[in-house]
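User: Please take a close look at one part of this structure, the nonpolar core and the strands beside it. I would like a connected account.

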Amino acid sequence: MTDEPLLSVRALHKSFGALHVLKGVDLSVRSGEVSFLIGPSGGGKSTLIRCINFLETPSRGEITFDGRSLCHEDGAVFHVAPERVLREARSEMPMVFQHFNLFTHRTVLENIIEGPVLVKRRRRDEAIADAERLLREVGLGDKADFYPEQLSGGQKQRVAIARALAMRPKLILFDEPTSALDPELVAGILDTIRGLADLGMTLVVVSHEMSFARKLADVVHFIADGTIVESGPPDRIFDNPESPRLSGFIRSILH
Amino acid sequence: MYEFFFVLIPRHFPFLLEGALVTLELSFLSMGFGLVLGLATALGRLSGKPWLDWPLKSYVEIWRDVPLIVQLMVIYFTLPTIGITLSGFWAGVLGLSLNLGAYLSEVFRAAIMSIDPGQRAAGMSIGMSKVMIYRRIIFPQAFRIAIPTIGGYFIALLKDSSLVSFISVNELLRNGNIIISNTFRNMEVYMMVAIIYFVLSFTASRLIRYLEHSLTPRYLRRQGRAAKALAPEVAVLP
């Protein structure tokens with residue numbers, strides 16, 4: 001762990017037309033750290049992580065990832081890094097989505113090697129060997145030639161995680177990875193994510209699984225109304241919330 | 001009772017086949033140009049640039065709202081007065097291509113828009129470029145959705161190419177008319193013309209069905225529910 005954060009977000013704003021969703025967010029993520037973003041619906045959690053890897057272009061503010069500026073402000077002028085820089089950054093911090101978003105016309109194996117072969121320009125046979133190893137690790141070694149349609153939700157999400165890992169990322173973004181799953185499948189995905197954390201992978205997770213956040217997170221950020229209201233280690237956030245907004249939220253999810 | 005004059009068939013069939021060959025040439029060229037034009041128009045309109053959207057939208061509207069026969073007449077008879085003279089054949093190809101392109105652009109646009117935005121987001125999230133995303137993710141999925149509709153327009157084009165006989169291109173229908181004006185046996189000749197059109201269109205429709213089948217992943221061909229939802233034509237095949 002170095003002193004320089006892997007990812008740093010400063011005064012980030014995002015508006016959709018007249019709707020001001022992010023109102024100045026500051027966030028630092030250190031290498032090897034597991035950060036959870038929690039908060040009420042519509043508070044800006046998903047918008048924040050979609051802005052971090054530029055699935056949405058922020059309106060103002062600063063994002064630095066692994067020493068590269070993705071966007072910054074120069075006086076009143078908002079600068080966004082060239083597409084090439086953004087693409088490279090994205091390939092190092094892939095996202096796992098709520099609805100999996102596997103490429104429906106490609107097999108499990110093809111889904112996983114797409115990024116390494118096309119974006120990272122790795123040799124196809126190496127990418128395949130890598131993908132087969134990742135599939136075994138997530139417990140889907142026998143599903144390489146299946147199509148996404150033939151898998152359960154939990155299996156799809158594990159393929160999506162393998163697809164992200166195949167990029168050999170520096171950070172993985174999770175956007176509510178268990179929200180679309182049947183309750184009995186949630187535990188399997190959480191176990192997989194826990195496995196990544198144990199390996200020292202840097203994770204930023206938007207989640208409603210509070211008990212999971214409490215067990216796994218190094219830092220929990222509570223986001224409401226477009227700002228980070230409170231940040232801290234999980235025990236303090238869940239047991240001794242300082243702001244009334246957070247204590248209200250904790251009460252509402254416990255009852 | 002009408003006396004069917006069978007001897008006309010072997011005597012004039014080769015001349016009709018010559019016409020059918022021209023019909024096929026017209027159709028295939030127009031399909032090729034129409035596909036490219038339709039795809040380019042769809043992509044232009046989806047680019048979100050107003051200066052591109054406006055002219056393309058006007059093109060699509062105008063070409064869909066004017067009868068094809070009028071378009072062909074304008075291209076063949078009116079363009080020469082402003083100095084653009086095309087042979088009947090190429091005037092036909094131009095008219096049919098522009099017409100097909102206008103319709104196909106809407107087919108492509110709808111198919112591309114029907115792809116879940118999550119597919120694009122997933123491609124972006126692993127660092128794929130816009131071109132890669134279109135080439136590897138959007139097009140293969142959109143094309144499979146569009147195939148049955150494109151096929152329908154192809155068959156319509158094959159038959160609409162008969163309108164080109166009005167601008168003196170010696171295709172199937174016009175050759176038929178020429179035979180009739182020499183023999184006055186319209187029953188036999190039109191029967192032959194109709195049968196040739198039917199065989200051409202039917203063959204085309206089977207080829208499209210086969211293409212659609214081969215583009216459908218194997219697992220979708222078997223699974224009843226998914227197959228019905230995604231590829232209604234394929235589901236009824238044994």
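Analyst: A nonpolar core is here a set of buried Ala, Val, Leu, Ile, Met, Phe, Trp, Tyr and Cys residues joined through side-chain atoms within 4.5 Å. The model is predicted. Its largest nonpolar core has 75 residues, of which A:Leu48, A:Ile52, A:Leu70 and A:Leu171 touch the most other members. Helix 6 of chain B (residues 130–160) supplies the largest share of this core, 12 residues. Another core, of 50 residues, lies apart from it and has A:Leu165, A:Val186, A:Ala217 and A:Leu246 among its members. In soluble globular proteins, nonpolar side chains tend to be buried together.

Leaving aside residues up to four places away in sequence, A:Leu171 is in contact with A:Leu6, A:Leu7, A:Val29, A:Phe65, A:Glu92, A:Met93, A:Pro94, A:Thr202 and A:Val204.

One of these contacts, A:Val204, belongs to strand 9 of chain A (residues 203–206). From this strand A:Val204 and A:Val206 point one way, A:Leu203 and A:Val205 the other, and all are buried. In a regular strand the side chains alternate between the two faces of the sheet.

Strand 9 of chain A runs parallel to strand 3 of chain A (residues 34–38), joined by 4 bridges; here A:Leu37 has A:Val206 as its bridge partner. Strand 8 of chain A (residues 172–175) is also parallel to strand 9 of chain A, with 4 bridges between them, and A:Leu173 stands opposite A:Val204. Between strand 8 and strand 9 of chain A the chain passes through helix 6 of chain A (residues 183–198), in a right-handed β-α-β crossover.

Notes
Residues are numbered from 1 along each chain as its sequence is written. Chains are lettered from A and ligands numbered from 1 in the order in which they are written. This is a predicted model: local features need pLDDT of at least 70, side-chain atom pairs count only at pLDDT 80 or more; totals for chains, interfaces and linings use all residues. Side-chain values use heavy atoms; hydrogens and water are left out. Buried means under 20% relative accessible area, exposed over 50%, partly exposed in between (1.4 Å probe, protein chains only). Helices (H or I, at least four residues) and strands (E, at least two) are DSSP runs, numbered from the N terminus. Contact means heavy atoms within 4.5 Å. Two strands pair if DSSP finds at least two bridges between them. A crossover is right-handed if, with the strands pointing away from the viewer, the path from the first strand over the helix to the second runs clockwise.
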